[in-house]
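Subject: Handover of a structure and notes on its contents

Dear colleague,

Please find the structure below for your files. My notes on what was found in it follow directly after.

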Amino acid sequence: MRRSPRVILVTGGAGFIGSHVVRRFVNAYPDRHIINLDKLTYAGNLANLKDVQEKPNYHFVHADICDAQAVKEVFGRWQPEAVVHLAAESHVDRSIEAPDAFLQTNVMGTATLMNVALEFWRGHFEGRLFYHISTDEVYGSLGNSGYFHEESPYDPQSPYSASKAASDHLVRAYGNTYGLPYIISNCSNNYGPYQFPEKLIPLCIHNLTQRKPLPVYGTGENVRDWLYVEDHARAIELLLEKGQEGQTYLIGGRNEWRNLDLVRKLCRLYDALNPFGHKDSETLITFVKDRPGHDVRYAINPSKVEKELGWRPSVHMEEGLRRTLQWYLDNEAWLNAVVSGAYREYYSRMYERR
Ligand code: NAD
Ligand code: DAU
């Protein structure tokens, strides 16, 4: 079955992955309405969507997914046929420092959204979909071999991954109990433009430009499977259109890197671009205290999504990293505003008036 929802509610569309998804949908479907519901936490930034904000099929709603009344108003006004749910607290280190917001948004927020969807869809589920975007971290940590696949047991190790695991279980439970039509996808590490510079790659790029230390946790042996964010957004579009209801799909780049090798690679690419005459960037690499409970290795077997949807990652790591580096160098103002928190002050002034 091919779905073509006329109104798509994207949650967390002002964040990193969400902004790529919203941009893709707004440009691809001028005849459909794309509603971006976002709380604009520290990670949400409307500047990520500047290029589409004036398009007539794009609509922004400033709201919290935990606020049932606000979510009902959106459903009442727009009658979305599909929800693409990305809103979340997403950073593992923050979840270790302060887990409460993760439980609130990732667990309760997901439940609130589903409760409202059930109320408005009232058993008329034909052509409707609740698409929950999740992470490979719910499966815990791999040793040196093996891959996560759709049947891997859940074994989350951080408050972040436990909150995402809880939300995955809730989505399946709502499907099983109430018949909510859903899809879940669990993706590996994304990278690319507009990623908040708390995550490894943009943090290192920012520190490279500032000649600050590049902090590598522990010995840098941990492995992640990297995917260029636009490839993830394309997979999300395909799954929304053609994914099978009630199914889970794992998405990954078949692209494993040890953290230390990745940071070294970034240094070499940066030195080759040679902005500001900087060189010998590898000397900035600094080993720091490890993340508590640091998962050793993530790696995805994406054959299901490859076979069913013909999806393949299209951006090679070398090209993706070069594009990402160049984007951050070309968008120094974006990076500085995010790092200084200037955009947050602007939002609190702007939304206080409402
Ligand atoms: P992000 O932190 O960049 O963005 C999250 C967005 O959600 C922000 O715009 C924020 O304002 C919004 N948000 C947070 N709490 C909210 C609330 N209560 N109500 C409404 N909006 C709220 O995150 P990201 O990296 O783009 O990740 C998006 C989704 O994809 C998350 O669900 C994450 O778990 C998942 N994911 C991320 C990755 C990755 O590598 N970044 C990989 C796999 C899955
Ligand atoms: O696997 C998918 C997950 O990828 C997503 O669900 C998360 O939302 C996303 O944040 C990401 O989680 P990670 O913890 O893997 O990403 P992060 O960029 O924080 O770290 C990547 C690796 O680099 C990890 O092994 C920790 C390490 N690291 C991270 C930072 C911020 C460092 O060595 N130094 C650092 O300063």
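For sorting residues by class, Ala, Val, Leu, Ile, Met, Phe, Trp, Tyr, Cys and Pro count as nonpolar, Asp, Glu, Lys and Arg as charged, and the others, Gly among them, as polar. On that basis, the shell around ligand 2 holds 9 nonpolar, 8 polar and 6 charged residues.

This is a predicted model, in which local features need pLDDT of at least 70 and side-chain atom pairs count only at pLDDT 80 or more, while totals for chains, interfaces and linings use all residues. Residues are numbered from 1 along each chain as its sequence is written, chains are lettered from A and ligands numbered from 1 in the order in which they are written, and side-chain values use heavy atoms, with hydrogens and water left out.

Ligand 2

A residue is counted as near a molecule if one of its heavy atoms lies within 4 Å of it. There are 23 residues around ligand 2, and the nearest are Thr-135, Asp-136, Tyr-160, Arg-291 and His-294. Helices (H or I, at least four residues) and strands (E, at least two) are DSSP runs, numbered from the N terminus.

For Glu-137 the distance is 2.7 Å, for Arg-224 it is 2.9 Å, and for an N or O atom in the side chain of His-294 it is 2.7 Å. Taken alone, ligand 2 exposes 690 Å², of which the protein buries 94%; such areas come from the Shrake-Rupley method with a 1.4 Å probe, and for residues only the protein chains shown count as cover. Helix H6 (200-210) and strand E8 (214-217) are the elements that give two or more residues to this shell, and E8 supplies the largest share, 3 residues.

Ligand 1

Ligand 1 is surrounded by 28 residues, the closest being Ile-17, Asp-38, Ser-90, Tyr-160 and Lys-164. By class, this shell has 13 nonpolar, 11 polar and 4 charged residues. A polar side-chain atom of Tyr-160 lies 2.7 Å from an oxygen atom of ligand 1. The backbone also takes part: a polar backbone atom of Lys-39 is 3.0 Å from a nitrogen atom of the ligand, and a backbone N or O atom of Leu-40 is 3.4 Å from an oxygen atom of ligand 1. The protein covers 97% of the 830 Å² of accessible area that ligand 1 has on its own. Two or more residues of the shell come from each of helix H1 (16-28), strand E5 (129-135), helix H5 (159-178) and strand E7 (189-191). Of these, E5 gives the most, with 3 residues.

Helix H1

H1 has 13 residues and reaches 19 Å from its first C-alpha to its last, close to the 18 Å expected at 1.5 Å a residue; the expected span is 1.5 Å times one less than the number of residues. Its buried residues (under 20% relative accessible area; exposed is over 50%, partly exposed in between, with a 1.4 Å probe and protein chains only) are Phe-16, Gly-18, Ser-19, His-20, Val-21, Val-22, Arg-23, Phe-25 and Val-26. What covers them includes strand E1 (7-11), strand E2 (33-38) and helix H7 (229-242), contact meaning heavy atoms within 4.5 Å.

The side chain of Asp-51 makes a polar contact with the side chain of Arg-23 at 2.8 Å. Asp-51 lies in the loop between E2 and E3 and is partly exposed, with a relative accessible area of 46%.

Arg-297 sits in the loop between strand E12 (285-288) and helix H9 (303-309) and counts as buried at 5% relative accessibility. Polar atoms of its side chain lie 3.1 Å from the backbone oxygen of Ser-145 and 2.9 Å from the backbone oxygen of Gly-146. Leaving aside neighbours within four places in sequence, the contacts of Arg-297 include Tyr-147, Phe-148, Arg-224 and Glu-256.

Asn-207 belongs to helix H6 and is buried, with a relative accessible area of 11%. Not counting residues up to four places away in sequence, Asn-207 touches Lys-212, Pro-213, Leu-214 and Pro-215.

With kind regards

Conventions. A polar contact is a pair of N or O atoms within 3.5 Å; within protein, one must be able to donate a hydrogen and the other to accept it, and residues adjacent in sequence count only if both atoms are side-chain atoms.
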